[in-house]
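Take a moment with the sequence and the 3D view before reading on. Then follow the chain from its surface to its charged side chains.

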Amino acid sequence: QVQLVESGGGSVQAGGSLRLSCAASGRTFSSYTMGWFRQAPGKEHEFLAAITGSGGSTSYRPSMEGRFTISRDNAKNTLYLQMNSLKPEDTAVYYCAADYQPGGSTYYSAREYDYWGQGTQVTVSS
């Protein structure tokens with residue numbers, strides 16, 4: 001089992017930036033594909049980005065248009081999401097997720113991920 005804990009959420013004005021972190025417990029962190037999702041009130045989970053275990057390959061939701069950047073530091077067992085030029089529509093609960101994938105594939109469907117964090121709230125005001 002892998003335990004995930006998100007942090008770094010909070011309130012920010014439109015146009016500002018936040019950096020979310022996801023700390024993973026256990027061993028073999030580099031064997032897990034990691035992803036970021038968000039859920040706004042009354043809406044389904046929305047895929048944002050994914051990264052392979054080595055960090056060699058990333059996938060993004062096209063509508064992010066370069067505002068969000070996913071990265072990881074395997075020495076620290078930590079996943080990151082850098083968010084820039086935030087908009088009120090970005091307000092949501094943000095989740096990190098993990099899937100054991102030693103082959104290095106990325107997934108965009110929430111159903112592919114076996115482990116989830118508790119989420120961190122991001123609120124963007126105008």
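The chain exposes about 6600 Å², and carbon and sulfur atoms supply 43% of that area. Accessible areas come from the Shrake-Rupley method with a 1.4 Å probe, and for residues only the protein chains shown count as cover. This is a predicted model: local features need pLDDT of at least 70, side-chain atom pairs count only at pLDDT 80 or more, and totals for chains, interfaces and linings use all residues. Residues are numbered from 1 along each chain as its sequence is written, and side-chain values use heavy atoms, with hydrogens and water left out.

Now look at the overall build. The chain has 0 helices and 11 strands. Here helices (H or I, at least four residues) and strands (E, at least two) are DSSP runs, numbered from the N terminus. The radius of gyration is 14 Å, close to the 14 Å that the globule rule gives for 126 residues, so the chain is as compact as a globular protein of that length. That radius is taken over C-alpha atoms, and the globule rule is 2.2 Å times the number of residues to the power 0.38. Along its principal axes, the C-alpha trace spans about 40 × 25 × 25 Å.

What share of the 126 residues is buried? Buried residues make up 43%. Buried means under 20% relative accessible area, exposed means over 50%, and partly exposed lies in between (1.4 Å probe, protein chains only). Contacts (heavy atoms within 4.5 Å) also tell a story. Of those with a separation of 6 or more, 59% join residues 24 or more positions apart.

Met 83 gives an example. It sits in strand β8. Met 83 is buried, at 0% relative accessibility. Leaving out residues up to four places away in sequence, Met 83 touches several others, including Ser 17, Leu 20, Phe 68 and Tyr 94. Met 83 and Ser 17 are 66 residues apart in sequence, yet their C-alpha atoms are 5.5 Å apart in space.

Turn next to the charges. Side chains of opposite charge can pair when their charged atoms come close. A salt bridge is a side-chain nitrogen of Lys or Arg within 4 Å of a carboxyl oxygen of Asp or Glu. By this rule there are 4 salt bridges. Which residues do they link into a network? Arg 38, Glu 46, Arg 61, Arg 67 and Asp 90.

Start with Arg 38, which is buried at 8% relative accessibility. Its side chain meets that of Glu 46 in a salt bridge, at 2.7 Å from N to O. Glu 46 is partly exposed, at 22%. Arg 38 also forms a salt bridge with Asp 90, the closest N and O atoms being 2.9 Å apart. This pair links distant parts of the chain: Asp 90 lies in the loop between β8 (78–83) and β9 (92–100), and Arg 38 in strand β4 (residues 32–39), 52 residues apart. Asp 90 is buried, with a relative accessible area of 0%.

Glu 46 has another partner. It forms a salt bridge with Arg 61, with the closest N and O atoms 3.1 Å apart. Glu 46 is in strand β5 (residues 46–51), while Arg 61 is in the loop between β6 (58–60) and β7 (68–73), 15 residues apart. Arg 61 is partly exposed, at 32% relative accessible area.
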